[in-house]
Amino acid sequence: MACRERVEMESASNVLEHIVLDRSAEPTNLPLALLKHITEDFNDKRQIGCGGFGIVYKGDLQNSSVAVKRILNCHTFNDESFNRETTSLISVKHKNIVRFLGYCANTENKAMKHSESGEPSKYIFAEMRERLLCFEYISNGSLDRYLTDNSRNL
Ligand SMILES: Nc1ncnc2c1ncn2[C@@H]1O[C@H](COP(=O)(O)OP(=O)(O)OP(=O)(O)O)[C@@H](O)[C@H]1O
């Protein structure tokens, strides 16, 4: 990683860590590079759950952890839905609701090689969309696991 990128990464990581530790801090816009970095590029081994809209990964900061929800099918979960979800999460603050820490909406156009059978390959531009939500990390696991485990003991 280049020196400037490392400085930017450390600064973004400090901002997120500050939000985790200061419960009165507001959620903020987070760089995709940071969320990729703390989840080791959304590595399978960091996956902690899977919901209706995406996969949840554990991300590690210097002194704390966060949960990063990566929205799947960004093209069907459109910007209107993402913006609505994000603004609702920002405004909901309650001791019984997992704290929302930040969000990331990143769209890039990348030139990609495309080949159809029998034709020479050519480059096309593809829109790469990433939509992510970041929450405080709850270490006790999912409530449904407790309910399932307890109902087995009845
Ligand atoms: N903040 C968190 N800390 C720890 N684990 C989490 C956290 N958020 C989610 N998980 C794990 O990921 C799983 C899926 O969470 P997710 O919120 O995506 O599910 P969901 O309730 O189906 O939500 P939605 O329908 O909005 O996608 C949870 O059951 C839990 O195991």
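A residue counts as buried if 20 or more other C-beta atoms lie within 10 Å of its own, as exposed if 12 or fewer do, and as partly exposed in between; C-beta atoms are placed from the backbone. Of the 154 residues of this chain, 19% are buried.

This is a predicted model: local features need pLDDT of at least 70, side-chain atom pairs count only at pLDDT 80 or more, and totals for chains, interfaces and linings use all residues. Residue numbers start from 1 along each chain as its sequence is written. The predictor's confidence in each residue is its pLDDT, from 0 to 100. Where pLDDT is low, the predicted coordinates should not be read in detail.

| Score | Value |
|---|---|
| Average pLDDT of the chain | 88 |
| Residues with pLDDT of at least 70 | 90% |
| ipTM | 0.93 |
| pTM | 0.87 |

The chain has 4 helices and 6 strands. These are DSSP runs, numbered from the N terminus: helices are H or I with at least four residues, strands E with at least two. Their order along the sequence is α-β-α-β-β-β-α-β-β-α.

Two residues are in contact if their C-beta atoms, placed from the backbone, lie within 7 Å. Take the contacts between residues at least 6 apart in sequence: 54% of them join residues at least 24 apart.

Now look at one residue. Cys-104 sits in strand E5, residues 100–114. Cys-104 is buried because 22 other C-beta atoms lie within 10 Å. Beyond its neighbours within four places in sequence, Cys-104 has contacts that include Asn-29, Leu-30, Pro-31 and Glu-130. Leu-133 is 29 residues from Cys-104 in sequence, yet their C-alpha atoms are 6.5 Å apart.
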